[in-house]
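Q: I'm new to this one. Can you put it up and walk me through it?

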Amino acid sequence: MVGTEPVAGTRQSSGPAANGSAPAPAMISGGHLVAKALKAEGIDTIFTLCGGHIIDIYDGCVDEGIEVIDVRHEQVAAHAADGYARVTGRPGCAVVTAGPGTTDAVTGVANAFRAESPMLLIGGQGALTQHKMGSLQDLPHVDMMNPITKFAATVPDTARVADMVSMALREAFNGAPGPSFLEIPRDVLDNKVPVDKARVPQAGHYRASTRQAGDPEAVEKLADLLAHAKKPAILLGSQVWTTRATDAAVELVRTLNIPAYMNGAGRGTLPPGDPHHLQLSRRYAFDNADVIVIVGTPFDFRMGYGRRLSAKATVVQIDLDYRTVGKNRDIDLGIVGDAGLILASVTAAASGRVDNGATGRKPWLEELHKVEDQARQKRLPQLHSDASPIHPYRLVHEINEFLTEDSIYIGDGGDIVTFSGQVVQPKSPGHWMDPGPLGTLGVGIPFVLAAKHARPDKEVVALFGDGAFSLTGWDFETLVRYNLPFVGIVGNNSSMNQIRYGQAQKYGLARERVGNTLGDVHYDQFAKMLGGHGEQVRDPADIGPALRRARESGLPSLINVWVDPDAYAPGTMNQTMYK
């Protein structure tokens, strides 16, 4: 409980009342209680689009030193909160008004839900005194948010505001992380209550550690499996970054000499060039491995629902969420808990043996590197193609060459980002951002906003499909307004090409362009119009110089690269929905 000392956002009498009674108690509003609770969580920024229902939160944030970043669409605010959480490891927060403000943010919340990203969306609501009367922008927000959040509730009383913000954020870290939602009615938010009647949980005093070390017997069993495996493989998924398990993962694969593949936010766990870092031989490895360890990745569509793993292999799954382990595919061993703690324990257990099997796995690593080299050589002509329109492989190759150890790479698109997933290799952990399994287009600009704001010391490089950029591109102006420079590239084929390919396969070439063809938009001019740096590229030899000029401009930038509309990524052509 807080005491009665004057605090920011409160009102207190300076002396006895005129009739000689005790001084009036210090008062605090709901909006200031929100800000105090966010501050206790270490949140230093909220992403928002203004509305009359929520402005007292802004007033509280000003007093608490929390930055208010206003955007042009609520979807951008929600995606930015998601991106902030991924970059910082702290929960992100978006604040939107009632009704359409909250419904606009639904996509961002849903994306965070599937991506296991901890964030809080706060939505406005009509006054409780007008409940069910048809007040402005009144909608059943909680009912809509329940299926796509870990916690969703209405704050019923001003004295409960900070308590429920803390409750919502605590639930966001229960098991696998995810989003929470609170709606706060306008009168609850604007009302003032005595400070000593409001529960304001204090930082560090209302949450237990969420790090679970896993079942010790299961850990020992996994160590035994790996020590005796002849051809093991490990997939390091997004939870490796979520749990900040990079060091533990690297130590495991190097100590036990295990080939590692990475996906999602797990990309960058091992640097390019590391002998245990493999990328193009994953299917071969999963077809031939005797032990496969899947860390922090569900058996969803990206894994063929588990069917892409050899039926003969011993399969082990490690995940923060019990419900994910063994879902869609039988496993031989499942361990629930924190990836870092589990992997470190497995390494320790296996290292205590006379022979941990590392030396005997040298031929297996050599076999996989041969497969990698063959795949790379096969693709080499396209990576260096001088064709015009530009082949997408040439574009993503140039981007990969451009990245530094301090470059956070963001992919926002369909076919063009599928190309990049096979070529672009972040140089450091936590330096890859993509939508995640919901496959949401439009995350690019919001993720840039979050990443560059949270880590101004980092370079941010974003690749957009032209269709994806169009969804949230107007917030390029927000990046200009807040002076957040980044290097942006639009792979422009004037099409929603991933869908176009599917239509051609299902309905023939005569109907391949129904509902998926865009205009030839000069995004470089769009960037200039909004105060950024813009260039267009038609010759592949000009890609590298244009990227360097964008970096040197010190401005938000868009390089409009005209790519071949008839080139499709292998991942696009292999999607099961088109077969």
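**Walking through the model**

A: Thr-572 is found in helix α23, residues 570-573; helices (H or I, at least four residues) and strands (E, at least two) are DSSP runs, numbered from the N terminus. This is a predicted model, where local features need pLDDT of at least 70 and side-chain atom pairs count only at pLDDT 80 or more, while totals for chains, interfaces and linings use all residues. Residues are numbered from 1 along each chain as its sequence is written, and side-chain values use heavy atoms, with hydrogens and water left out.

Q: Is Thr-572 buried or exposed?
A: Thr-572 counts as buried because its relative accessibility is 0%. Buried means under 20% relative accessible area, exposed over 50%, and partly exposed in between (1.4 Å probe, protein chains only).

Q: What does the side chain of Thr-572 make a polar contact with?
A: The partner is the side chain of Gln-498, at 2.9 Å. A polar contact is a pair of N or O atoms within 3.5 Å; within protein, one must be able to donate a hydrogen and the other to accept it, and residues adjacent in sequence count only if both atoms are side-chain atoms.

Q: Switching topic. Where does Gly-92 lie?
A: In strand β5, which covers residues 92-96. Gly-92 is buried, with a relative accessible area of 0%.

Q: Which residues does Gly-92 touch?
A: Leaving out residues up to four places away in sequence, Gly-92 touches Ala-81, Tyr-84, Ala-85, Pro-118, Met-119 and Leu-120. Contact here means heavy atoms within 4.5 Å.

Q: And how far apart are Gly-92 and Ala-265?
A: They are 173 residues apart in sequence and 17 Å apart in space, C-alpha to C-alpha.

Q: Sheets next. In what order do the five strands of the open sheet come?
A: The order is β11-β10-β12-β13-β14, and the pairing is parallel. The edge strands, each pairing on one side only, are β11 (260-262) and β14 (333-336). On average, neighbouring strands of this sheet are turned by 15° against each other, direction ignored. For such angles, axes are lines fitted to C-alpha atoms, for helices over the stretch in contact, and angles run from 0 to 180 degrees between N-to-C directions.

Q: How many bridges are there between β10 and β11?
A: Strand β10 (residues 232-236) pairs with β11 in the parallel sense over three bridges. Two strands pair if DSSP finds at least two bridges between them. Leu-236 has Met-262 in β11 as its bridge partner.

Q: Now the rings. How many aromatic pairs does the count come to?
A: Eleven aromatic pairs. Rings of Phe, Tyr and Trp (its six-membered ring) pair if their centres lie within 6.5 Å; planes under 30 degrees apart count as stacked, over 60 as edge-to-face and the rest as tilted.

Q: Why is the pair of Phe-464 and Phe-486 edge-to-face?
A: Because their planes are at 75°, with the ring centres 6.5 Å apart. Phe-464 lies in strand β17 (residues 459-465) and Phe-486 in the loop between α19 (476-481) and β18 (487-492), so the pair ties together parts that are 22 residues apart in sequence. Phe-464 counts as buried at 0% relative accessibility, and Phe-486 counts as buried at 3%.

A: Phe-469 and Phe-526 also form an edge-to-face pair, at 5.9 Å centre to centre and 85° between the planes. This pair links distant parts of the chain, with Phe-469 in helix α18 (residues 466-472) and Phe-526 in helix α21 (residues 523-529), 57 residues apart.

Q: Which residues form the aromatic cluster?
A: Phe-464, Phe-469, Trp-474, Phe-476, Phe-486, Tyr-523 and Phe-526 form one cluster.

Q: Which ring does the charged end of Arg-267 sit over?
A: The ring of Trp-432, 4.1 Å from its centre. The charged end of Arg-551 sits over the ring of Phe-402, 3.7 Å from its centre. A charge sits over a ring if NZ of Lys or CZ of Arg is within 6 Å of the ring centre and within 35 degrees of the ring normal.

Q: Backbone, last topic. Is the peptide bond from Ser-388 to Pro-389 cis or trans?
A: It is cis, with omega near 5°. Pro-389 lies in the loop between α14 (362-383) and α15 (392-402).

Q: What about the phi of Tyr-305?
A: Tyr-305 has a positive phi of about 55° although it is not a glycine. Tyr-305 is partly exposed, with a relative accessible area of 37%.
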